[in-house]
Amino acid sequence: MSNLMYNKMWHQTQEALNSLLDKESQKMTEPQRNKVFVFQTLATFYIKYVQIFRNMENVYDQIVHPQKRMLIRKVLDGVMGRILELKNEMVELELTEFHYFDDILQDLKLAPQQLDVPIPRYFLKERLEVIKGREMNLARILNECGLDLPKKVWRGFHQSKKTVKEREEEMVFLGMKPPPLFNEVSAAIVQSEHVTHLRNEVQLKHEQNYQEALVSIKEELRQMEGQDIKEQLQDQIRQWFIECRNLTGTFPDYPNEEEGGSAIIFSNKTPEQVIEDILASQEEEEKLKKKKKKDEKESKPKKARKEKERRGSTKERAPKEEDEEWKMSPSLFLQLMEEGNSLYKDMWLNKDESWNFPQDYDPEMIKEEKRKELELEIRVQVEELMRQELKNLKLAVNREKELPARGKKGKKGKGKKGKKKGKRGKKDKDLTADRTIDSLYKELVEEGLLIQSLKVKLSDYIGEYSYLGTTLRQVAVEPMPSLLDVKQLITLYGILPLGSPEVHEKAPLVKSLLLAGPPGVGKKMLVHAICTETGATLLNLSSSNIAGKYPGKTGLQMMLHLVFKVARQFQPSVVWIQDTEKTFYKRVPQAERQNEPKRLKKHLPKILKLLKPDDRILIVGTTHRPFDAELQPFCRVYQKIILVPRPDYASRYVLWKQIILRNGGVLTNALNISCLSKVTDGFTQGQIVKVIKEVLTDRRIRQQPHKPLTAVEFITMMTSMNPVYKEEEESFKNWYAKTPLGKKRILSLTIGGSIKDKEKDKGKKKGKKGKKKK
């Protein structure tokens with residue numbers, strides 16, 4: 001796809017965004033009472049923003065013009081943040097983390113796959129060198145400590161894989177075997193990959209050219225126009241001195257640097273307008289002085305009356321019931337998108353780019369920007385000269401001495417007070433102020449608290465959509481979330497905020513996430529996927545991992561200090577607590593008492609309070625036995641709770657198919673995938689993957705041409721495994737119903753249900769009375 005096509009895609013996406021912003025401003029100003037209508041509106045906006053996000057992400061990844069990319073990035077972050085805000089609104093409205101849009105998707109003629117929230121490629125692409133550097137550093141430390149070989153099994157497995165690969169390469173070299181993917185990869189795919197690689201190189205080259213031009217063009221402007229700008233500013237300020245003296249009889253006071261200096265006076269104003277402002281301000285000051293005297297006399301009795309009125313009004317208002325009206329909460333991202341949209345209209349909508357075929361930087365735009373910067377720098381130099389000139393004028397003409405400005409004393413005082421407050425407020429001392437961050441990083445690696453994340457992409461988490469979610473909810477049946485619903489929440493609550501500082505700072509803040517579900521459903525995999533997709537540092541604070549490390553109160557304090565200091569320095573970071581129910585045990589089992597599993601219980605809420613919006617740190621807990629934990633403190637720590645279910649039929653079908661293909665299996669009519677999916681109801685992804693790997697040995701793969709795979713082979717291997725029974729799944733559902741959001745959801749449904757039931761009962765009673773009368 002050429003640059004021209006991506007430019008066209010950008011213009012179309014920008015048009016769609018413009019119309020969507022107009023609709024938002026129209027529909028969301030009026031409060032609504034109909035919950036169904038509100039959800040439909042929110043969901044429609046959410047779906048449309050996701051479409052814009054998908055296109056904008058693609059455009060940002062592929063377009064090569066550096067100045068366009070800056071604007072697209074701004075809009076992209078705004079769209080991302082708005083999606084998170086709308087998601088938060090839907091959660092608060094429906095009181096559930098999972099939403100179903102089947103009916104809306106039908107109206108918009110979209111497939112469920114188009115609801116996939118993409119993970120922006122720039123998360124890794126723009127930090128590739130940093131991530132590679134950190135990985136190499138971690139590998140080096142692990143190698144030095146001998147910690148990279150905790151399991152000699154891994155070394156053997158790795159070596160056997162390497163040997164097989166070398167044997168295959170030798171066979172290809174000898175011509176006894178065709179090259180890998182010889183018959184599968186088309187020339188078009190190879191060509192597209194080559195073009196993408198070239199496009200990335202051009203992007204980097206154009207970005208470098210742009211950064212160099214920012215410096216060189218500024219220097220050119222300094223040499224060519226610098227002296228003229230300086231003289232112009234001096235003349236302008238001198239004229240202001242003289243005109244003020246002529247009109248008011250005295251020279252003006254020069255504005256402080258903190259106030260903005262002469263820039264405030266002459267911002268988009270002619271000297272004549274400035275003088276008019278001075279005269280007007282003098283008149284206003286005189287009027288204000290007169291008013292103050294009058295107000296001081298009358299103020300005391302008025303204040304007393306107002307307080308009584310307020311007290312009275314609150315007493316009167318209290319018993320009144322508030323109307324149940326819903327109104328959209330203010331957005332922090334709409335302004336960002338509107339700014340980007342207006343910049344697009346002003347700069348790029350009708351811009352003639354026929355001269356710029358290679359899509360390199362636009363020098364005229366840089367000149368405009370740098371001219372303003374240069375003027376500010378020169379103004380600072382001119383200010384010093386003109387302040388001195390004003391002093392000399394006052395001495396020469398009026399024989400006046402420059403008096404110190406009133407504001408300065410006050411400001412100095414404020415500064416001192418501020419410093420004192422800062423000293424009092426500092427409770428947390430830096431326990432490792434004398435140590436380098438690299439030494440702290442190394443210590444955590446050696447202690448096994450900072451670990452290497454597995455290279456797992458979120459796309460490797462296979463599943464299918466729930467196509468009947470809305471239908472089931474209409475019949476008052478709460479559907480179990482599908483695996484792709486879980487995947488979406490991981491993207492929204494984990495990956496997007498960690499990947500983008502702009503989004504993390506302004507979007508609804510998610511500091512902690514709990515993944516609860518039976519063993520083998522992929523909770524651990526999802527934690528590693530968050531790290532892989534964002535290049536995050538992974539720290540392990542599981543009770544089994546910290547047992548015996550940093551003993552005592554001071555030791556624990558030091559450990560938490562080290563973990564969160566390193567997490568902040570090497571952000572984005574994920575702090576993982578596996579089997580997190582142990583930290584909140586109702587009763588600690590006798591066998592685990594020595595390990596002190598509840599060490600972090602009191603500290604986690606304090607840590608969460610200390611995490612600020614600019615700390616891209618996410619605490620992720622995983623548990624397969626949440627029922628063992630004390631519910632209140634557990635839910636107080638974990639802000640978002642996601643139930644990860646066992647896979648349903650659709651997800652099992654996709655899973656069997658994909659994993660068999662990935663492990664070298666061939667799908668034929670002899671292998672009934674549908675039968676496998678039905679028979680394995682209740683089995684988890686982990687169990688299915690394990691069985692496939694056990695069946696598809698190298699020998700079995702070679703036998704496939706004359707002995708195709710059958711379902712029986714896989715089923716016989718599963719006879720020794722225990723599935724997740726419905727009772728266990730129900731126990732997770734029942735536990736979730738006791739969590740804060742689960743309680744609210746049930747309460748909202750039962751209140752609605754009780755009202756309906758009462759109405760039905762009334763109807764029945766009336767009917768009975770009527771019969772009796774007859």
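Trainee: In which loop is Leu95 found?
Mentor: Keep in mind that this model is predicted. Leu95 is in the loop between α3 (66–94) and α4 (102–108).

Trainee: What is the phi of Leu95?
Mentor: Start with the general idea. Leu95 is not a glycine, yet its phi is positive, about 55 degrees. Check burial next. Leu95 has a relative accessible area of 16%, under the 20% cut-off, so it counts as buried.

Trainee: Where does Gln359 lie, and is it buried or exposed?
Mentor: Gln359 sits in the loop between α11 (334–348) and α12 (363–398). Its phi is positive too, near 60 degrees. Gln359 is buried, with a relative accessible area of 5%.

Trainee: Which residues does the cis peptide bond join?
Mentor: Again, the general idea comes before the case. Most peptide bonds are trans. Here a cis bond joins Gln571 and Pro572, with omega at about 0 degrees. Pro572 belongs to the loop between α20 (552–569) and β4 (573–578).

Trainee: Now the voids. How many cavities of 30 Å³ or more does a search find?
Mentor: A probe the size of a water molecule, rolled over the atoms, shows where empty space is left. Searching the whole structure gives two cavities of 30 Å³ or more. The largest cavity has a volume of about 60 Å³.

Trainee: What lines the largest cavity?
Mentor: Its lining residues include Met480, Pro518, Leu643, Arg646, Glu729 and Phe732. By class, the lining has eight nonpolar, one polar and two charged residues.

Methods: Residues are numbered from 1 along each chain as its sequence is written. This is a predicted model: local features need pLDDT of at least 70, side-chain atom pairs count only at pLDDT 80 or more; totals for chains, interfaces and linings use all residues. Side-chain values use heavy atoms; hydrogens and water are left out. On a 1 Å grid over the protein atoms alone, a cavity is a set of points where a 1.4 Å probe fits but cannot get out, and a pocket is an open set with protein on both sides within 12 Å along at least five of seven lines; lining residues have an atom within 4 Å of a point. Grid points are joined across faces, edges and corners, and a volume is the space filled by probe spheres set on the points. Ala, Val, Leu, Ile, Met, Phe, Trp, Tyr, Cys and Pro count as nonpolar, Asp, Glu, Lys and Arg as charged, and the others, Gly among them, as polar. Helices (H or I, at least four residues) and strands (E, at least two) are DSSP runs, numbered from the N terminus. Buried means under 20% relative accessible area, exposed over 50%, partly exposed in between (1.4 Å probe, protein chains only).
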